[in-house]
Amino acid sequence: MRLFTAQAMREADQRAVALGYPSLVLMDAAGRRTAKRLLQHFPGRKIVVLCGKGNNGGDGLVAARWLAHWGHEVSVYAADGQEGDAAIARQALRAHGLNLEALAAWRPEAHTVVLDALFGTGLRGPLEGFYAELVERINQSGLPVVAVDLPSGLPYQPHVRADLTVALAGLKHEHLFYPHRAACGRILLDSIGMPPQALENPQLPELLAHNSLSPLLPVRPGNAHKGSVGRVLVVGGYHSYTGAPSLAALGAYRSGAGLVTVAYPADCDLQPPLEAVRLPLFEWNTANLQTARAEAVAVGMGAGEGGVEAALAALGLALPTVLDADALHERVLQAYARAGRPTILTPHPGEASRLMGVPSEQIARFPLEAAQSLAQRYPGLVVVLKGGPTVLAWRPPGSSEARLAVNSTGNPQMATGGMGDVLAGVMAALLAAGLSAWDAARLGVYLHGLAGDLARKTGLLAHEVAHALPTALEQLQGAQVRDFWEPGYDGPPATARSSPASTEGHRPQ
C-alpha cells in the first residue's frame, strides 16, 4: 500500500482514464460510496451536503443524488461554476428534482449531518474570506460532519474538523501526519473501483501495514535454542542514564532474541534485566566487545560522552548494527556508511536537527523530506526518523533514489522517556534473527508502535510497551491486527424506511 500526495492521486486518476476507465465513473463511485458510509454511521438523520465547484464538490453532488434516490431527506448547497464531470453531476442531481441553494444560504439546523464536499486535495493556500468563514461556521455548529476524501481546508488553517472522513482510493499524507490527522476523525478507506495498475507507483512512500509485514516475521523452529534465534549485544550506559541500555535489552528479549548481553562502563551502576548477560568494561574497544559473540548490536543508548567511542568500537565487530541516541554523530555515521555494513540509525527530530544543521521544527514539519535527505547523506544506512508518525528512508547501494516508508502504528501516549531505547532493542533482535536492515527497521517500527497501541493509556511507560511486544507479535502472526483506518463496507445502503433512529449525539464543542 502506498501513501499518496495530491499530485500522485491526480496522476493515478489520469492513468485510470488512459486505461479506459471514464473519469465520470470514478466520480459516481466516489459519491455513491461516500453516501453509503454516511448512512452506515449516521442513520436516520436529515442530510445537508455542502459542495464546492471542483471534483470534490462533484463527488458531493453525486452523493446527494444517491441519498435522494434511496429515499433520504437531503438538502444541497452548492457553489456555482462546476465544469466537466462536476457539471454533469449537477445536471443529474437536478433530474432527480432536487433544488440547489447557494452556499451562502446555509445555516446550521439541529439533528442534521453535514457532508463536507467543499475542497479535497491540492489546495494551494489557506482558505480566505467567505470559505474561511463557512468552515468556521461548520466547526462551531456542533453538528456531526462527514468529509469527502479530506476535511476541507487541509493542510492549512482554517479547516473543517470532521467526525468521519471517507478516504477515496488511497490514503493521503493528511490522513497520517499530525496535526492534520486529528481533523479527520474516524477514517474509512474506500475503493472506488480504480484499476489496480493505476494506483501502482513505487516512488511513493510505502505505508507499513500488517499484510505486507507479517511475512517478515522470523520463524522459530521446533529445535530452537537460545543461541540459534538471535544473540544481541547492547552497548551503552553512563552514570546519569542507567535505564536506557536495560530498556533496549528488554525490548530485544521481548521481540524474540535468545540471548542479550549488555556492555556498560564498569563504574556505572546499571541493572540489566535478570536474563541478560552483564559485560562491565573499563574501556570501549572491539576486543572487549567480541567476547559477547553476538549477531547484532544496538549501541548508543544512554552512552553519554562515551557514545562516539562505543560506536566506533562496535564498528570493529562488523555486525548489523542499530545506532541510537549518543552514537548519532557525524563521524560515526560516515564511518558506518563507508564500512557498508547493515546499519539502522534512529534519530528523533532534535538529533536529526543536529546532524543536518536545520531547525528541528522544520524536520518535524517535513519528516519525509528530512529522512530522505539523511538517507542521501549516509548512503546504505537505513534512517528511522522517529515522530508522529515515524518515517523511514534508505538509499540502497547503487541507487540514486531513496526508498521511503511511513509507519501506521503508535500513538501520542508513547511520547515518554525510554521508548526509543525499547525500539532500538526490537530492531537489533530482528537483525540478529537474520532480517535485512530495511526489513528489520520496517517490522521493528511497526511492532513497537503496535505494542504501544495495545498498551495505550495515559502515563504509558516504556517497559510496559516492551512487555506488550509478545502480544503484538502474536496478533501480527495470527492476522488479528486492525489498522487505524477502517475498510469500506460493501453491504446494501440503508433506506429511509429501514433506517433506525440515530443514537449519535452532537459533537462536543
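Predicted model: local features only at pLDDT ≥ 70, side-chain atom pairs only at ≥ 80, totals over all residues.
Residues are numbered from 1 along each chain as its sequence is written, and side-chain values use heavy atoms, with hydrogens and water left out.

Let's stay with these strands. Helices (H or I, at least four residues) and strands (E, at least two) are DSSP runs, numbered from the N terminus, and two strands pair if DSSP finds at least two bridges between them. β12 and β13 pair in the parallel sense over three bridges. β12 also pairs with β9, again in the parallel sense, over four bridges, and here Val232 stands opposite Ala296. In a regular strand the side chains alternate between the two faces of the sheet. You can follow this in β12: Ala296 and Ala298 point one way, Val297 and Val299 point the other way, and all are buried. Buried means under 20% relative accessible area, exposed means over 50%, and partly exposed is in between, using a 1.4 Å probe and protein chains only.

Next comes helix α11, which spans residues 307-315 and has among its buried residues Gly307, Val308 and Ala310. What covers the buried residues of α11? The cover includes β9, α10, β12, β13 and α12, where contact means heavy atoms within 4.5 Å. Glu309 is in the helix α11 too, but Glu309 is partly exposed, with a relative accessible area of 44%. The C-alpha atoms of Glu309 and Gly193 are separated by 56 Å, and the two residues are 116 residues apart along the chain.

Now turn to another sheet. Eight strands form an open sheet with parallel pairing, in the order β3-β2-β1-β4-β5-β6-β7-β18. Its edge strands are β3 (100-102) and β18 (486-487), each pairing on one side only. Within this sheet, β6 (residues 164-168) and β7 (residues 186-190) pair over five bridges, and Thr165 stands opposite Ile187 in β7. Helix α2 lies across β1, β4, β5, β6, β7 and β18, running at about 155° to β6.

How do helices pack against one another? Two packed helices are described by the angle between their axes and the distance between the axes. Axes are lines fitted to C-alpha atoms, for helices over the stretch in contact, and angles run from 0 to 180 degrees between N-to-C directions. Helix α2 (residues 23-41) and helix α3 (residues 55-69) pack at an angle of about 60°, with their axes 7 Å apart. They are therefore oblique to each other; angles under 35 degrees count as roughly parallel, over 145 as roughly antiparallel, 65 to 115 as roughly perpendicular and the rest as oblique. Among the residues making the contact are Met27 and Leu39 of α2 and Val62 and Trp66 of α3.

Helix α3 also meets helix α4 (residues 84-95): the axes come within 8 Å and cross at roughly 20°. That makes α3 roughly parallel to α4. The contact includes Leu61 and Val62 of α3 and Ala89 and Leu93 of α4.

One last stop is Thr390, in the loop between β15 and β16. Is Thr390 buried or exposed? Thr390 is buried, with a relative accessible area of 11%. Leaving aside neighbours within four places in sequence, Thr390 is in contact with residues including Val384, Ala405 and Val445.
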